[in-house]
Amino acid sequence: MATKDATLPQFEATALDLIPKVASAARGTFRTHKTKKVQWRIVQLRKLYWAIEDFRPRLIAALMHDLHKSVFEAVLTEIDWLLKDCMFMIKHLNDFTKDEKLGSPAVPITYSMMNFRTRKEPLGAVLIIGPYNYPLQLLLAPLIGAIGAGCTAVLKPSELTTACAMVVKEMVETRLDRSAFAVVNGAIPETNALLAEKWDKIFFTGSDVVGKIVAKKAAETLTPVCLELGGKNPAFVTKNANLALAARRLLWGKTHNSGQVCMSQNYVLIDKQVVPAFTKFLKVAYKDMFPDGAKASPDLGRIVNARHFHRIKKMLDDTKGKIVMGGEVDEAELYIEPTAVLVNSTDDSMIKEESFGPIFALYPVNSLDEALNVAASVHRTPLSLYTFGSKSENERVLNEMTSGGATLNDSFFHGSVNTVPFGGVGDSGWGSYRGKASFDCFTHFRTIAETPSWADKILRVRYMPYDMSKMRLLARLTAPKPNFDRSGSIVRGFSYWVKLIFGLGASSAKGALFRWLLLLAVNYVLKASLAAR
Ligand SMILES: NC(=O)C1=CN([C@@H]2O[C@H](COP(=O)(O)OP(=O)(O)OC[C@H]3O[C@@H](n4cnc5c(N)ncnc54)[C@H](O)[C@@H]3O)[C@@H](O)[C@H]2O)C=CC1
Ligand SMILES: CC1=C(/C=C/C(C)=C/C=C/C(C)=C/C=C/C=C(C)/C=C/C=C(C)/C=C/C=C(\C)C(=O)O)C(C)(C)CCC1
């Protein structure tokens, strides 16, 4: 596809016959062990930092070309986001990579001489497949985790964001170690060619449909996968919510990146009584954000392409609900106005489909009970949920409905901080990343024990011929006695009362010591004040 901006490269798919060679190079470089050196990883992260900084104008232009993304959002959620990711990983990498000693309670004191520890090993050569909505962030943030962990990586950007895909390819391949990192561009055939290769992990962000294809393919070679998928995310608004605030914040969730955010709300379960007031506040918030109308706003992005434009438009065409805000569409500009639709059935297109755009449904309910039942029937394990109500109502929603992440009293704040772990649950995703979790995602936590030679006398018990008397002694030394009976109740035997009396009711030795010291101090002060009278 020709680019509209002459400074941006034309999209070019990677030749299919090159793909096995690219994958083989990533595997081969990993086997050289050079990526295991922490200093090498830090240098790559520093290079990536400066590459993103130096490519800033072209990245901004590419985001404008592909998604009409405003400079504000390009900087906040893609470029500066990634720079912060690099800095975080560079700053903490020495700590993350250190062996961790395994002691109590994982290792009983009887085995403390074995020097149990966890070694953080890179998984190997990894494949990272990105989506179109944040073509830089959602491709390069996992890469930062992979570099930190010491992996080699091949990236497959979304072919829908052509300019970003090409600029990222140039940036990564000219600035990072070429033998360790590569970018393959293309669509289904190229992705299939990549999936036919053996990887040590596949990190996929995208739709659940393609997520299943990736997971099936990975299962053939028992390759671990991290899946960051979509979801039909509910928002709950009760009559105890601050309706003006809820309306403004939920509208933000659907206007940022033109609602092409997998964690933004698909539908709002709202108390029937407050629908008119909430709708009024939505319109007020809309007017505040777009005084000249949304189409004229320089801040509102566009839908990525005609296919997605028609997908979203079809949801509006098929709905039996009533549009209460917005509703304008313009194919020539790939423009869809931020739109709210009042619906009365969960079979409505506005609830059944994932919007992944600036439109959402309002579904009136009689109670929080009903709202929770509807949400569970629409999607039991969504990526996110939002709740606007009293403290106890919010707590109830959190307790009774799961989700990958959740924000109380706002739209996706839980996903707006680059170092906080992010991921789905059930069919909205497997695994998480961001911050330390990105390092962990590409790391094998390898348990290591080291048995000293002198310990063989003690360990003799394990060798044949077995001796049951020694076995009984070993059990006495190592197997803790239960303090509960067969009905699950605590048994208050002799040791319970000894502990209770001498521990002054504390549950730990530390607590008991504290209570004894406090008792002695009170005793001392009382005695001193009596003596002073
Ligand atoms: N959980 C998360 O972090 C995120 C999830 N998403 C989800 O992603 C979807 C939108 O993103 P898209 O880019 O449209 O996702 P997509 O699943 O269509 O594409 C993602 C990647 O898979 C590749 N692909 C597409 N079809 C394929 C096939 N048949 N075989 C092999 N590879 C294929 C594409 O080239 C692209 O690189 C939404 O469902 C959204 O909810 C999007 C962003 C973030
Ligand atoms: C400026 C001053 C101060 C501080 C002000 C503060 C704290 C401002 C906060 C602004 C906020 C919260 C801005 C919003 C940011 C939104 C972001 C970063 C959204 C990110 C979205 C992402 C990453 C989307 C991802 C999508 C995914 C994963 C998907 O599709 O699945 C002080 C401190 C008060 C001092 C005075 C000055």
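An oxygen atom of ligand 2 is placed 2.8 Å from a polar backbone atom of Cys-262, a polar contact being a pair of N or O atoms within 3.5 Å. The model is predicted, so local features need pLDDT of at least 70 and side-chain atom pairs count only at pLDDT 80 or more, while totals for chains, interfaces and linings use all residues. Residues are numbered from 1 along each chain as its sequence is written, chains are lettered from A and ligands numbered from 1 in the order in which they are written, and side-chain values use heavy atoms, with hydrogens and water left out.

Asn-133 also approaches ligand 2, with a polar side-chain atom 2.9 Å from an oxygen atom of the ligand. Of the protein's contribution to cover, 51% of the 900 Å² that ligand 2 exposes when taken alone is buried; accessible areas come from the Shrake-Rupley method with a 1.4 Å probe. In total, 18 residues surround ligand 2, and the closest are Trp-81, Asn-133, Gln-137, Cys-262 and Phe-413. A residue is near a molecule if one of its heavy atoms lies within 4 Å of it. Helix 4 gives the most to this shell, with 3 residues. Helices here are DSSP runs of H or I with at least four residues, and strands are runs of E with at least two, numbered from the N terminus.

Ligand 1 has 28 residues around it, and Lys-156, Glu-159, Ser-207, Leu-229 and Glu-354 come nearest. An oxygen atom of ligand 1 lies 2.8 Å from a side-chain N or O atom of Lys-156, and the side chain of Ser-207 has an N or O atom 2.6 Å from an oxygen atom of the ligand. At Leu-229, a polar backbone atom is 2.6 Å from a nitrogen atom of ligand 1. The protein covers 91% of the 840 Å² of accessible area that ligand 1 has on its own.

Turning to the strands, an open sheet of 6 strands runs in the order 5-4-3-6-7-18, with mixed pairing; two strands pair if DSSP finds at least two bridges between them. Strand 5 (181–183) and strand 18 (429–430) are the edge strands, each pairing on one side only. Strand 6 (residues 201–205) pairs with strand 7 (residues 225–228) in the parallel sense over 4 bridges, and Phe-203 stands opposite Cys-226 in strand 7.

The UniProt record, an unreviewed entry, annotates residues 16–448 as "domain: Aldehyde dehydrogenase". That span is 44% helix and 18% strand, and its end C-alpha atoms lie 41 Å apart.

Notes
UniProt positions renumbered as here; feature names shortened; annotations may be inferred. Polar contact = N/O pair within 3.5 Å; in protein donor to acceptor, adjacent residues only side chain to side chain.
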